[in-house]
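I opened this notebook to keep track of what I looked up, entry by entry. The structure comes first, then my notes.

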Amino acid sequence: MTAIAIDRARLLSEIEALATISDAAAPAVTRIVFTPTDLKARAWLKALCDEAGLAVRHDAIGNIFARWIGSDPSAPVVGTGSHIDAIPNAGKYDGVVGVLGGLEAIRALRQSGFRPRNSIELLMFTSEEPTRFGIGCLGSRLLSGTFTPDTARKLTDKDGSALEDVRRSAGLGGELETVVLPSNYYKAFVELHIEQGPILERQQIPLGVVTKIAAPASLRVALEGAGGHAGGVLMPDRRDALCAAAELILTVENAARTSGAVDTVATVGICHVFPAAVNSIPSRVRLSVDIRDTDLARRDAVMAALETAWRSISTKRQVAIHSELVNADAPADCAPAVIEALSQSCKKHEQKFLSMVSRAYHDSLFLARIAPVAMLFIPCHNGYSHRPDEYASPEDVARGTLVLAETLATLSA
Ligand code: HGY
Ligand code: MN
Ligand code: MN
């Protein structure tokens with residue numbers, strides 16, 4: 001076996017090429033699951049995996065698997081991968097670094113003469129982002145059994161199109177019951193990803209070994225007040241849904257800021273106002289609330305405190321407030337053996353690394369339900385992500401890919 005050599009130029013040109021398969025003008029990237037653009041990107045990726053000599057398949061929800069068959073094809077598989085769907089007005093590295101870096105890691109290992117005992121499999125997960133169907137990690141939730149097929153079949157997008165119809169129109173046959181994997185399918189799973197935070201860059205450390213993935217929760221909140229003429233209804237008579245929403249939004253921010261821990265974060269990312277007319281009192285508001293923490297009990301305590309705060313807003317303002325839980329997932333502890341393999345790979349390549357938590361959620365959060373997982377972070381400039389100026393340097397992308405390749409070799413030898 002010769003030294004592992006990452007073809008940086010090829011990898012970076014593939015990241016750039018994928019970024020052009022987008023529904024937004026560069027430098028933004030938008031690639032929503034099962035849109036024509038997403039299907040084009042999937043076909044492009046499959047062609048690359050075919051070219052690399054991998055055995056490519058997809059499942060009923062569209063997760064793509066590209067396998068390098070090992071000398072013991074029946075042994076549990078070593079997996080790597082991430083997602084290529086992108087939220088509106090996103091960047092070109094979120095998820096993509098883990099998919100194309102994973103592919104490059106496999107190609108570099110094949111080139112080096114390494115031969116795995118355990119098959120090594122690249123995964124591209126369907127719909128890591130919640131944009132279209134309201135919940136993230138759809139593909140990995142179904143793979144891990146975290147989500148039942150019946151629950152998935154109830155999902156519709158904002159146009160009312162059912163997931164079942166959308167996936168079948170995208171050419172995905174079979175039943176969702178066939179997606180779940182047995183718990184011994186993967187020996188280990190390693191996901192390479194940009195940090196989506198500022199810590200590595202601030203501390204000038206080139207790699208992060210993730211030991212824990214935060215617990216995400218999200219809710220939909222509907223507020224129902226009374227509309228009316230902006231001139232004719234006097235203030236004491238109003239039940240303004242947007243003013244109630246404004247107060248509610250500040251309770252979300254305040255709850256995260258005063259939880260006693262910096263690891264509690266909360267965001268209201270969507271606010272739809274009805275009728276949204278300059279001279280009409282808002283009668284209805286729809287909000288999304290995203291709450292996360294590395295500590296499950298603390299996150300749940302914040303959620304309970306918010307429900308109490310919202311009830312008092314509702315009473316005080318005579319505005320009905322209804323919250324619907326979309327997801328409340330447990331955090332994941334990464335597996336010591338995979339953390340160790342990543343740490344040893346960093347040391348072998350004389351790279352400093354930081355053990356850290358992931359505040360973003362990832363498909364690894366759900367793969368952790370059925371396999372030992374860990375993640376490898378590379379810095380992203382200013383921690384920017386989910387915005388067009390998301391940026392990871394060629395050196396950092398290549399370094400992360402090299403350490404990933406080394407780790408895959410260690411785990412599959
Ligand atoms: O929201 C997240 O943490 C992920 O980027 N979907
Ligand atoms: Mn993302
Ligand atoms: Mn991501």
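**Entry: the metal site**

Buried stands for under 20% relative accessible area, exposed for over 50%, and partly exposed for what is in between, with a 1.4 Å probe and protein chains only.

Before going on I noted the ground rules: this is a predicted model, in which local features need pLDDT of at least 70 and side-chain atom pairs count only at pLDDT 80 or more, while totals for chains, interfaces and linings use all residues. Residues are numbered from 1 along each chain as its sequence is written, chains are lettered from A and ligands numbered from 1 in the order in which they are written, and side-chain values use heavy atoms, with hydrogens and water left out.

Which residues are the protein donors of the manganese ion (ligand 2)? I listed Asp94 (OD), Glu129 (OE) and His386 (NE2), lying 2.1 Å from the ion. Donors here are N, O and S atoms within 2.8 Å of the metal (3.2 Å for Na, K and Ca), and sites may look incomplete because water is not among the atoms. The sequence spacing of these donor residues reads D-x34-E-x256-H. Asp94 also coordinates the manganese ion (ligand 3), which is 3.6 Å from the manganese ion (ligand 2).

I then placed the pair of Asp94 and Glu129, which links distant parts of the chain, 35 residues apart. Asp94 is in the loop between strand S5 (86-90) and helix H3 (96-112), and Glu129 is in the loop between strand S6 (120-125) and helix H4 (138-144). Helices (H or I, at least four residues) and strands (E, at least two) are DSSP runs, numbered from the N terminus.

**Entry: two domains**

I looked up the domain assignment, which gives domain 1 (8-214 + 331-412) and domain 2 (215-328). Such bounds come from an automatic or database domain assignment. The C-alpha centres of the two domains lie 33 Å apart.

I counted contacts next: 13 residues of domain 1 are in contact with eleven residues of domain 2, contact being heavy atoms within 4.5 Å. How much area do domain 1 and domain 2 bury between them? I noted about 910 Å², with 60% of it on carbon and sulfur atoms. Buried area is the accessible area (1.4 Å probe) that two parts lose on being put together, summed over both. On the side of domain 1, Ala214, Pro331 and Arg359 lose the most area to domain 2, together 47% of what that side buries.

Between the domains I found one salt bridge, meaning a side-chain nitrogen of Lys or Arg within 4 Å of a carboxyl oxygen of Asp or Glu. Arg359 forms a salt bridge with Asp263, where the closest N and O atoms are 2.4 Å apart.

**Entry: Asn327**

Asn327 lies in strand S12 (residues 320-328). I asked why Asn327 counts as buried; the reason is a relative accessible area of 9%. Its side chain reaches the backbone oxygen of Pro216 at 3.5 Å, and a polar contact of 2.4 Å joins it to the side chain of Ser218. Leaving out residues up to four places away in sequence, Asn327 touches Ile135, Arg141, Pro216, Ala217 and Ser218.

**Entry: His381**

I found His381 in the loop between strand S15 (373-378) and helix H12 (394-412). His381 counts as partly exposed because its relative accessibility is 36%. Its side chain makes a polar contact of 2.8 Å with that of Glu201.

**Entry: backbone geometry**

Most residues other than glycine have a negative phi, and most peptide bonds are trans. I noted that the peptide bond from Ala26 to Pro27 is cis, with omega near 5°, and that the bond from Phe274 to Pro275 is cis, with omega near 5°. Phe34, which is not a glycine, has a positive phi of about 65°, and Phe34 is buried at 6% relative accessibility. Ser127 has a positive phi near 50° and is buried at 1%.

Definitions and conventions
A polar contact is a pair of N or O atoms within 3.5 Å; within protein, one must be able to donate a hydrogen and the other to accept it, and residues adjacent in sequence count only if both atoms are side-chain atoms.
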